[in-house]
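Please open the structure in your viewer and keep the selection panel at hand. The stops below say what to select next and what is there.

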Amino acid sequence: VQDRLLASGGKRALSGLVEVDPHWPGHGFTRLPVDVITAFGMMARSLREIFRIKGIPVNEVAISPPDQGRGKVAKRFAKAFFGSDVENLARHLFTVAKERHGEDVNSYLTDPDRFVKSGLKYVVIFDDLVQSGGTLEQAALVYHQQGIPMRAIWFVTVHAVLTPGAKERLEQMGVGGILLTNSTDLCREEYPANARVLDVGRVVAPAVDDISRDHSLRSEFYG
């Protein structure tokens with residue numbers, strides 16, 4: 001992609017790149033300066049506002065990755081979501097793990113007793129990227145088996161790279177809601193009908209403005 005951009009405009013036209021929450025950081029392979037920014041803050045604020053309108057108390061929410069490999073990004077989102085409103089962040093963080101046995105994959109909650117004792121009533125499953133939706137679905141079922149209604153489970157994902165069938169799968173799960181951004185080239189009708197899609201330009205435009213003016217990026221763009 002970088003080579004095509006350089007070929008189309010030359011270095012004078014392309015002086016740097018801005019990456020939003022890269023799933024696989026690629027700035028080690030570029031010949032151009034790269035600024036990495038995050039949409040976590042924007043998404044966290046939007047989710048808090050949705051919960052406020054729906055009467056969902058923040059202190060009754062758990063944050064979880066869909067598998068153990070995404071634990072760090074889920075924790076970063078949890079920090080943005082809760083801010084200083086909870087004293088013990090660890091009380092609200094849980095992890096789903098996977099075991100593979102040949103073709104079979106078993107997902108399970110790593111600390112089910114702690115989850116039950118926490119008394120938390122809502123679960124936000126966070127990942128930076130969704131493709132088939134299968135991993136999100138398995139994680140949702142894990143919490144559903146712990147007594148959480150599907151309507152009390154929410155999916156939050158930055159990048160929606162939806163493979164065939166993913167839209168229908170996400171729509172049919174019956175979760176409380178889905179929060180995505182328009183960071184990919186999907187048309188609006190290609191997103192799940194129950195998804196709220198945030199404009200990633202809300203973080204890209206001001207960040208690019210800061211960079212073009214040689215200003216330090218505002219803290220809200222870092223995760």
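Select strand 8 (residues 177-181) first, where both faces are covered: Gly177, Leu179 and Thr181 on one side, and Ile178 and Leu180 on the other, are all buried. Buried here means under 20% relative accessible area, whereas exposed means over 50% and partly exposed lies in between, with a 1.4 Å probe and protein chains only. Helices (H or I, at least four residues) and strands (E, at least two) are DSSP runs, numbered from the N terminus. The model is a predicted one, in which local features need pLDDT of at least 70 and side-chain atom pairs count only at pLDDT 80 or more, while totals for chains, interfaces and linings use all residues. Residues are numbered from 1 along each chain as its sequence is written, and side-chain values use heavy atoms, with hydrogens and water left out.

Which residues of helix 3 are buried? They are Val73, Ala74, Phe77, Ala78, Phe81 and Phe82. These residues cover an arc of only 155° around the axis, and therefore lie on the same side of helix 3; the arc is that of the directions from the helix axis to the C-beta atoms. What covers them includes helix 2, strand 3, strand 6 and strand 7, while the face turned away from the buried side carries the exposed residues Lys72 and Lys79. Just after helix 3, Gly83 takes a positive phi of about 55°.

Keep Phe77 and Phe81 selected, for of the 32 residues in the largest nonpolar core these two touch the most other members. A nonpolar core is a set of buried Ala, Val, Leu, Ile, Met, Phe, Trp, Tyr and Cys residues joined through side-chain atoms within 4.5 Å. Not counting residues up to four places away in sequence, Phe81 touches Ala44, Leu47, Arg48, Phe51, Val58, Val61 and Ile63, where contact means heavy atoms within 4.5 Å.

From there, go to His92, in the loop between helix 3 and strand 4 (96-101). Is His92 buried or exposed? It counts as buried because its relative accessibility is 2%. With residues up to four places away in sequence again left out, the residues that His92 touches include Val58, Asn59, Phe82 and Leu120. Its side chain also makes a polar contact with the side chain of Arg91 (3.3 Å); such a contact is a pair of N or O atoms within 3.5 Å, and within protein one must be able to donate a hydrogen and the other to accept it, while residues adjacent in sequence count only if both atoms are side-chain atoms.

Finally, select Val203 in helix 7, which counts as buried because its relative accessibility is 3%.
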